Amino acid sequence: MQMQIKIQRWLFSLLIIGALFVGGCGSSPVANSTPTPNPASGENISLSPSPSPAAVAASSQFSNLPRLQGKATVVMTVKGAPITIELDGTNAPITAGNFVDLVQKGVYDGLVFHRVVREPQPFVVQGGDPQGKDPKFPTARLGTGGFIDPKTTVERRIPLEIKAKGAANPTYSATLQEAGVKEKPVLMHSRGAVAMARSQSPDSASSQFYFTLTDVPFLDGSYAVFGYVKQGMDVVDKIQAGDRIEKATVTQGLENFKPVQ
């Protein structure tokens, strides 16, 4: 009996992790497998008290991305009700900065929540595909798009960014397991976490994000959490596939945002 329960849990884990992969962005191959690190990046940040050479290299490589240096608050309105999100740019500066930038650009206004997984048990509510702004765009294809930067005319992608407890800097472009980091992340997948969806490649996140409907500890260290719902979790619990984000606004902490110059 215990073995049967373990097998069921294992199959469920594969199913819902696969859902996040399918929900990833861009043209990277989609697969229900463990993401592999980007061999070319080489920026696995050490846990030393001061920045390592790899940390400096990572900072330089990603200097063209917006950052959040501190906290910020975003209020997202769905069905006329507010969802208040506190973003943590201290522990996820690039991931949170990217989200603030997209909110400021109005990217999320009018977008659809294209995936809601509550069965066989609560998992996530996912949205943020810019293609969903077009009401004529095929619903079946939602979950494949990312933010196209008008300055470069290509999709903006951000690195997988996860800071382990006790670390001076985040680990980039690899899961904590792949980087050989045994400590748990500072930002974990507890109920109400806000994190980035991606495809198999670790550096494929763009604009799609998800809310966790319950604690999902097996995602810790593999996906980038960058904030938490502080108010309005009851609104998140009622979101259905096809519901739209009416408006997203930065209400506090904009002074901590550092846009791309």
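The model is predicted, so to speak of local features a pLDDT of at least 70 is needed, side-chain atom pairs count only at pLDDT 80 or more, and totals for chains, interfaces and linings use all residues. Residues are numbered from 1 along each chain as its sequence is written, and side-chain values use heavy atoms, with hydrogens and water left out.

We may begin with strand β12, which covers residues 225–231. Strands (E, at least two residues) and helices (H or I, at least four) are DSSP runs numbered from the N terminus. Five of the seven residues of β12 are buried, so the strand is largely enclosed by the rest of the structure; buried here means under 20% relative accessible area, exposed means over 50%, and partly exposed lies in between, with a 1.4 Å probe and protein chains only. Two strands are taken to pair if DSSP finds at least two bridges between them. Strand β3 (residues 81–88) runs antiparallel to β12 and is joined to it by four bridges, with E86 having Y228 of β12 as its bridge partner. Strand β10 (residues 193–196) is also antiparallel to β12, through three bridges, and A195 is partnered there with V225.

Helix α3 takes in residues 93–104. The expected span of a helix is 1.5 Å times one less than its number of residues; for the twelve residues of α3 this gives 16 Å, which agrees with the 16 Å between its end C-alpha atoms. Eleven of these twelve residues are buried, so α3 is largely enclosed by the rest of the structure. Among the buried residues are P93, F99 and D101. Just after the helix, G106 adopts a positive phi of about 75°.

Points are joined across faces, edges and corners, and a volume is the space filled by probe spheres set on them. Two cavities of 30 Å³ or more are found. The largest holds about 60 Å³, and its lining includes N91, E161, K163 and V225.

Methods: On a 1 Å grid over the protein atoms alone, a cavity is a set of points where a 1.4 Å probe fits but cannot get out, and a pocket is an open set with protein on both sides within 12 Å along at least five of seven lines; lining residues have an atom within 4 Å of a point.
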